[in-house]
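Subject: Structure handover, with notes on its disulfides

Hi,

Here is the structure I promised to pass on to you.

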Amino acid sequence: MFRLFAVSLLAFLLISLLSSCTAVYPYKTQYFDQMIDHFNFASHGNNTFKQRYLVSDQHWSIGKGPIFFYTGNEGPITSFLENTGLMFDIAPEFRALLVFAEHRFYGETLPFGNDSFIPENLGLLTIEQALADYAELILFLKQELKCPECKVVTFGGSYGGMLSAYMRFKYPNTVDGAIASSAPIYSVAGQGSQSYFFEDVTKSFGSGTTGKACVSTIRQAFITLNELADQGIKGLNEISSAFKLCKPLQDKTQIAHLQGWVRNAFTSMAMVNYPYPASFLGQLPAWPVSASCDLITSAKDPLKGLAAGAGLFYNGTKGSLKCMDVDSQYVECTDPTGCGLGNSAKAWDWQGCTEVTLPGGTNNVTDMFPVLPFTLEMRETYCKAKWNVVPKPTWLNVIMWGEDIKSASNIVFCNGALDPWRDGGVLRSPKPGSLDAYLIADGAHHLDLRGANPADPESVKLARQFEKDQITAWIK
């Protein structure tokens, strides 16, 4: 889904700053004996697995300070810690304990080890189980640390932002407030249009000084791509050469995957369109959308521009790759915005095939991409063949309230105006002062959760201050 899972498995991810500094956040790794199944007493009894969580207590007022709890999402928890500098920035002010909990079936938190990804076991990969994991861990920590009265505020971005809000929905006795950044809780519950995402990616590439020319060139490049594909092996060789493919195309049927590879690059750069160099999803320059458009519009022909613009994401600012392995760099799955790679991709594919409703495909009418549809019927067929399950597209509308969230309280829903996920989330405050929506004018995907940077726009500074003010009110 939210591209957070495609990050590296390095022990530490260096966050690039304009000042060429790096931020390395201190933490300790711990493990909790978590219940395999919270809801079926007859399945696994009281059997447990090791849930990884990371702790930073450098600034905690022992036994008194609040617990800031990151609700881990679809990838190794280390990568989310390394890209959630806000919690470390504000911990001294609040004298807070920081906890980053890993989501079941991601990273090291595999309930069944190497057998975790067979369908019989994947049935225990649900949002409900993950939320119960977090509630259990919070209660354990409060008891273990002898701080039963410690206030708890959850944080999360993207899918993690959804979980942060859901914790306040489902366990308000355990969580006192929630920061839910870039959390598309409406669209994943099957509410509203499912075409918004790629429309917003197109708008992102269409903004700026070269925006119109950029989108026009991208559209023309995709036309050229299809025309060359119709010319047989000669045309396919020309495409392979333009994109510097490690494995030259052999058949026209491979074109759709290449188009998906390009689309994946552009959606990823739109999401992490930060005002400074960053390495969250790849080694990217400041404002990667503009950088990509510059490559696209300055190329000798549209096809080479398309290849260069997409290549920026996969090859990064270092440009160390001599050729592009599109089969390993992009894996098709139930999420048209991309599932990432490795075991995390399997887990997210499962979630997209069960509870989480994800955007449809592209249509070349409201977006700049080729016609690559992914209807509910196509999703059902895919999921039945891959996992022998059928999605429940409106299930989260039932168990996580859909758009009817006014009975909740103490949540900030923060979105970036540059983030293609924004229209799937809460953009108007359902209950001002208690359920607040905040839009960052110059913000991409959960920019507010990242650490402070000299290049931060004023709009994100104001958003963080708003979040701090709300937290102060929740825990006083």
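What follows is a short tour of the disulfides and a few cysteines.

First, some background on how to read the notes. This is a predicted model, in which local features need pLDDT of at least 70 and side-chain atom pairs count only at pLDDT 80 or more, while totals for chains, interfaces and linings use all residues. Residues are numbered from 1 along each chain as its sequence is written, and side-chain values use heavy atoms, with hydrogens and water left out.

How many disulfides does the structure hold? There are 4, where a disulfide means a pair of cysteine sulfur atoms within 2.5 Å. Counting bonded cysteines along the protein chain, the pattern is 1-3, 2-4, 5-6, 7-8.

Let me start with Cys214 and Cys293, which are joined with an S to S distance of 2.1 Å. This link is left-handed, with -80 degrees about the S-S bond. It connects distant parts of the chain, 79 residues apart: Cys214 sits in helix H7 (residues 211–229) and Cys293 in helix H10 (residues 288–298). Helices here are DSSP runs of H or I with at least four residues, numbered from the N terminus. Both Cys214 and Cys293 are buried; buried means under 20% relative accessible area, exposed over 50%, and partly exposed in between, using a 1.4 Å probe and protein chains only.

Next come Cys246 and Cys323, whose sulfur atoms are 2.0 Å apart in a disulfide. The torsion about their S-S bond is about 95 degrees, so this one is right-handed. Cys246 is in the loop between helix H8 (233–243) and helix H9 (255–271), and Cys323 is in the loop between helix H11 (302–315) and helix H12 (326–329), so the pair ties together parts 77 residues apart in sequence. Are these two cysteines buried or partly exposed? Cys246 counts as partly exposed at 33% relative accessibility, and Cys323 counts as partly exposed at 31%.

Then there is the disulfide of Cys353 and Cys383, with sulfur atoms 2.0 Å apart. Its torsion is about -85 degrees, so the disulfide is left-handed. Cys353 lies in the loop between helix H13 (342–352) and helix H14 (376–387), while Cys383 is in helix H14, 30 residues apart. Cys353 is buried at 0% relative accessibility, and Cys383 is buried at 0% as well.

Two further cysteines are worth a look. Cys147 counts as buried at 1% relative accessibility, and Cys414 is buried with a relative accessible area of 1%.

Best wishes

Conventions. Helices (H or I, at least four residues) and strands (E, at least two) are DSSP runs, numbered from the N terminus.
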